[in-house]
Amino acid sequence: MTLSEADVIVIGGGTGGYSTALRAAALGLRVVLAERDRVGGTCLHRGCVPSKAMLHAAELVDGIAEARERWGVASTLDSIDWPALVATRDDIVSRNHRGVVDHLAHAGVEVAYGSARLTGPRSVVVEGYGEVRARRGIVLATGSRPRTLPGLVPDGRRVVTSDDALFAPGLPGSVLVLGGGAIGVEYASFHRSLGAEVTLVEAADRLVPLEDPEVSRHLTRGLKRRGVDVRAGARLVETELVTDGVRATVRTARGEIRTVEAERLLVAVGRAPVTDGLGLAAAGLTADERGHVAPADWSRLETAVPGIHVVGDLLPPPSLGLAHASFAEGLLVAETLAGLATAPVDYAAVPRVTYSSPQTAAVGLTEEEARNRGHEVTVNTMPLTAVAKGMVHGRGGMVKVVAERGGRVLGVHLVGPQVSEMIAESQLIVGWDAEPSDVARHIHAHPTLSEAVGETFLSLAGRGLHQR
Ligand code: FAD
């Protein structure tokens, strides 16, 4: 077996792993990045990028109905050419993939294609490549895969995961989505836009249960208005495979038993960390009860074994299972390994977005979290339709700001069209501990949707113009 040395070995070439590798290489470290599939990982090949491409297509389809119903544009949807839609999506993915491959090569990162296994606290074997010793450290970035429920075995056809749904040969006429987190909601949304009958079942009493209840309320209303049958507080009791799909028994929030028939059951009940074959024990590590590898020191994302760090979906909360959180973690770990002093990741200031129609975007604390943490809060909520551009869009939505009474902004919560593009300023507001009066000094362009954010802060600062 060939034996080589590197400063840093990264296991897993997803967003967490490749960002660590790129930054470490930029800081002059010799990096070996082990990847058993394709660099880019879940986000690029099975997650963020292909799903957002589909959601973009879905939005265009929704626009046809809006053009007809609101703007007098004689338009009809003839058909959806699924292979053409998929080809555009896949072209975006493959161009991005080539970009990541080139970027790594240009940075001087050596990519070792093969399954990697820890053989000790400073050594890794990569199948087909050999053994590598790490002078400075090892970074675990093996990510996650779809979780399922006991007794619910995805067969890729009738019972599917988010991976299967992307690569299915066509669109189903009907789909039962199990799970009302971001992934379930996004898949429910684009299937509905593309013409499927959609039932969305969530066991918690509301969709996106980690977000502010007002966000859940507006999201649910928006989805229902588009014809999604949203069942929060409901449980899947039983599933039977039938010839052309599934027959599911669901207990509703009121305790009634309902039968839902659908061509596909999409299981979107969360993600499970990937550690199979990783050899944690050989390095003196163990996973926690949910399979995550927890750092002993969150400020360096370093495990109890000195020199072994963790990034991305392999981390337990408060990490967020989000690609942009994993980028920040990668930067932190690379800089730590290079001997730089870098601030820990501020998870409270990481934006959280659901790219459905309507979209949700939030940063910081919900009103309830703020109160539970003992803050005396002041809250201002404003409908997006209070500003002209919100009326132009005509799709509802809201801005909610939670601030400390007489103090800094603790959280901003948005629902509506394009709010994923509007959250950036709020992340700076929360991250920089700004107060409503700091924000109110800055003028927002008129007419824009983000003007509603500006107006919400103006009112909180006692200078409201359009809010009664
Ligand atoms: P991964 O991307 O899972 O990468 C891990 C890599 O490690 C994989 O390539 C795997 O092949 C490799 N690997 C595993 N074990 C080994 C081994 N032993 N040896 C060698 N290689 C190994 N996040 C967002 O921020 N925004 C979004 O819009 C968004 N949308 C999403 C939509 C969907 C449908 C899904 C499923 C996820 C979405 N996410 C989104 C989450 C995001 O994809 C993940 O947070 C992110 O991919 C995590 O990156 P990672 O590097 O930790 O792991």
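How far does a backbone N or O atom of G321 lie from an oxygen atom of the ligand? In this predicted model, the separation for G321 is 3.1 Å.

**Backbone contacts and burial**
- A polar backbone atom of A323 is 2.8 Å from an oxygen atom of the ligand, and for a backbone N or O atom of G16 the corresponding distance is 2.9 Å.
- The ligand would expose 1,000 Å² if taken alone, and the protein buries 95% of that area.

**The shell around the ligand**
- The ligand is surrounded by 38 residues, with E35, T42, K52, D313 and A323 the closest.
- By residue class, the shell comprises 11 nonpolar, 19 polar and eight charged residues.
- At least two shell residues come from each of several elements, including α1 (15–26), β2 (31–35), α3 (48–71) and α8 (323–337), while domain 1 (5–45 + 86–144 + 272–347) and domain 2 (159–269) each contribute at least three.

**The second largest pocket**
- This pocket holds about 660 Å³ of space, and among its 22 lining residues D62, A65, E69, R226 and R395 are the closest to its centre.
- The lining takes at least two residues from each of α3, α6 and α7 (213–225), and α3 gives the most, with 10 residues.
- Five nonpolar, seven polar and 10 charged residues make up the lining.
- Because domain 2 (159–269) and domain 3 (358–460) both give residues to the lining, the second largest pocket lies between them.

Notes: Residues numbered from 1 in each chain as written. Predicted model: local features only at pLDDT ≥ 70, side-chain atom pairs only at ≥ 80, totals over all residues. Heavy atoms only, no water. Near = heavy atom within 4 Å. Polar contact = N/O pair within 3.5 Å; in protein donor to acceptor, adjacent residues only side chain to side chain. Areas by Shrake-Rupley, 256 points an atom, 1.4 Å probe, with all protein chains shown as cover. Helix = DSSP H or I, 4+ residues; strand = E, 2+ residues; numbered from the N terminus. Nonpolar A, V, L, I, M, F, W, Y, C, P; charged D, E, K, R; others polar. Domains from an automatic or database assignment. 1 Å grid on protein atoms, 1.4 Å probe; cavity = no way out; pocket = protein on both sides within 12 Å on 5 of 7 lines; lining within 4 Å. Points joined across faces, edges and corners; volume = space filled by probe spheres on them.
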